[in-house]
Amino acid sequence: MQRLATLGNRTHGFAMEWFQAAKIDVVELTGLTKDALHVHIGVIAFLALCLLLRRRAWDWPPLLAVLLLTLVGELVDMLTRIARGNPMVLFDHVHDLVNTMVLPTLIFVVARYTNLFSRPSRDEAQPVAPAAGSDTDVGETGDLA
């Protein structure tokens with residue numbers, strides 16, 4: 001374990017410290033708790049990846065990309081704890097993973113297995129009544145005026 005901490009400190013020390021400092025800055029700037037920040041970041045990342053990858057919310061790639069980013073973030077957190085000599089508490093990392101993934105997963109499931117986010121097709125769309133006095137105004141006899 002000590003070798004892993006040393007490796008993390010030597011090879012990725014600056015990146016890990018920068019990442020941790022950036023997280024603290026975001027917490028202070030937004031006033032959010034770290035748990036709330038995980039929830040917000042998960043949703044923002046999911047929606048941004050849907051746009052960047054040009055995929056719908058029911059497609060797997062955005063959800064898997066958020067999971068990958070979350071795992072990488074938690075790995076950096078683990079390595080930072082080890083490098084600082086703090087004990088690694090696995091429950092804390094699982095807690096963060098769940099907080100980050102719960103809403104993107106919920107959006108994915110709802111989009112994939114319900115029609116809550118689907119648009120009506122052109123056939124299902126409600127017809128728009130013509131404006132009064134327009135060329136397509138129907139007279140009392142049912143003929144076009």
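**Notes on the fold, the pockets and one threonine**

1. Read from one end of the sequence to the other, the protein follows the pattern α-α-α-α, and its secondary structure accordingly comes to four helices and zero strands. Please keep in mind throughout that this is a predicted model.

2. On burial and surface, buried residues make up 25% of the 145 residues in the protein, while the protein exposes about 10,900 Å², of which carbon and sulfur atoms supply 65%.

3. By class, the lining of the largest pocket divides into 13 nonpolar, nine polar and nine charged residues.

4. Which helices build the lining of the largest pocket? At least two residues come from each of α1 (2–30), α2 (34–53), α3 (60–83) and α4 (90–113), and it is α3 that gives the most, with nine residues.

5. The second largest pocket has a volume of about 280 Å³, and its lining consists of L47, C50, R55, R56, A57, W58, I107, A111, F117, S118 and R119. Here α2 and α4 are the helices that each supply at least two lining residues, and the lining of this second largest pocket divides into seven nonpolar, one polar and three charged residues.

6. A residue I would look at individually is T70, which is found in helix α3, the helix that gives the most to the lining of the largest pocket. Is T70 buried or exposed? T70 counts as buried because its relative accessibility is 7%, and the cut-off for that class is under 20%.

7. Concerning the surroundings of T70, its side chain reaches the backbone oxygen of V66 at 2.7 Å. Once residues up to four places away in sequence are left out of the count, T70 touches L97, T100 and M101.

Notes: Residues numbered from 1 in each chain as written. Predicted model: local features only at pLDDT ≥ 70, side-chain atom pairs only at ≥ 80, totals over all residues. Heavy atoms only, no water. Nonpolar A, V, L, I, M, F, W, Y, C, P; charged D, E, K, R; others polar. 1 Å grid on protein atoms, 1.4 Å probe; cavity = no way out; pocket = protein on both sides within 12 Å on 5 of 7 lines; lining within 4 Å. Points joined across faces, edges and corners; volume = space filled by probe spheres on them. Buried < 20%, exposed > 50% of the residue type's maximum accessible area, 1.4 Å probe, protein only. Polar contact = N/O pair within 3.5 Å; in protein donor to acceptor, adjacent residues only side chain to side chain. Contact = heavy atoms within 4.5 Å. Areas by Shrake-Rupley, 256 points an atom, 1.4 Å probe, with all protein chains shown as cover.
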